[in-house]
Each structure stands twice: as structure tokens, then as C-alpha cells.
Amino acid sequence: MSDRTTTSFIFSDRIDADYIFNMYEDDYLYIETMFKTVLDHFDADRSGILVNFQQNDLELLRKAVHKIKPTFGFVGMPDVLEICKAFENKCYQAQSTKELEIDYKNLLNTLEDAHQAIINEHNKLVSHNRSAA
């Protein structure tokens, strides 16, 4: 549980509120903007992962995961960032994407869960900022 319960906005359990406050303090308009920016690029970034896995291109797959990884720092999901980092490291060791199938499916599930959490949190931030204006 975050010690930030006195703020006017309560983040869901999927978001590390302390992480967010360390980066943005209580600038909810800027936090909303960061979440929107992440959402604007999410599908394209995820698509790079899907395509390169299907094409068995380990180097481009690794680069696609490397590209999406910092996204989760911007939205207070360091756990997802670490999962991306671990997968990225496995790409260095693998000889083909076939070796990564289980990890890949887990990564995709994690990304989908994170994407939905980001959408939900962005919607809450939009409502919060409109009501605070």
C-alpha cells in the first residue's frame, strides 16, 4: 500500500504510486499526458514484437522489446519493465524464437494486462483532471 493516500488521486494496485510520484510529483495533467503518449505508441511497439517473433528474427525481436521496455517506467510499472528486461536478455541466449515460445506467450499476456491497466488508469486520470479543472 502506498503512503500517498492523502493525495487527491488514488492509483490502482497495478501502478506503483510511489514510483509515479517520484517522477512527476502530483502533476496529474502531466501524468495523464504521459499515459496518453504511452497509449498512442503501444500498439505499434507491440506489433514490432509480434512481427519479429513470427519472422524468427531474434535481434529485431530483442530490439522491439528493448524499445517498449521504458514505456512501463513512464507509467509506474517497474515490474513489467523487469519482465521485458528478462525477455530481452533471453533473446541474447536463444538460437531461435522457438526456444522462447513459453516466455513469449507470458510476455504477451503481461503486455496485454499492462495495456489494459494503462487504459483504465488513463481514463481515471482524464476524469480526475476534468473534475479538478
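1. Glu-88 counts as buried in this predicted model, with a relative accessibility of 5%. Its salt-bridge partner is Lys-69, and the closest N and O atoms of the two are 2.8 Å apart. Lys-69 is buried as well, with a relative accessible area of 15%.

2. A search of the whole structure gives 13 salt bridges. One of them pairs Arg-14 with Asp-113, with 3.1 Å between the closest N and O atoms. Because Arg-14 lies in the segment before α1 (17-24) and Asp-113 in helix α6 (residues 101-132), this contact ties together parts that are 99 residues apart in sequence. Arg-14 is partly exposed at 25% relative accessibility, and Asp-113 is partly exposed at 40%.

3. For a local case, look at helix α2: Asp-40 and Lys-36 are four residues apart there, which means that about one helical turn separates them. They form a salt bridge whose closest N and O atoms are 2.8 Å apart. Asp-40 is partly exposed, with a relative accessible area of 49%, and Lys-36 is partly exposed too, with 40%.

4. On to the aromatic rings: the whole structure has seven aromatic pairs. Why does the pair of Tyr-24 and Tyr-30 count as edge-to-face? The ring planes stand at 65 degrees, and over 60 counts as edge-to-face; the centres are 5.4 Å apart. Tyr-24 is buried at 10% relative accessibility, whereas Tyr-30 is partly exposed at 41%.

5. Phe-42 and Phe-72 make another edge-to-face pair, with 6.1 Å from centre to centre and 85 degrees between the planes. This pair links distant parts of the chain, since Phe-42 is in helix α2 (residues 28-54) and Phe-72 in helix α4 (residues 71-74), 30 residues apart.

6. One more item to bring up in your viewer: Phe-9, Phe-11, Phe-21 and Tyr-28 together form one aromatic cluster.

How values were computed:
Residues are numbered from 1 along each chain as its sequence is written. This is a predicted model: local features need pLDDT of at least 70, side-chain atom pairs count only at pLDDT 80 or more; totals for chains, interfaces and linings use all residues. Side-chain values use heavy atoms; hydrogens and water are left out. Rings of Phe, Tyr and Trp (its six-membered ring) pair if their centres lie within 6.5 Å; planes under 30 degrees apart count as stacked, over 60 as edge-to-face and the rest as tilted. Buried means under 20% relative accessible area, exposed over 50%, partly exposed in between (1.4 Å probe, protein chains only). Helices (H or I, at least four residues) and strands (E, at least two) are DSSP runs, numbered from the N terminus. A salt bridge is a side-chain nitrogen of Lys or Arg within 4 Å of a carboxyl oxygen of Asp or Glu.
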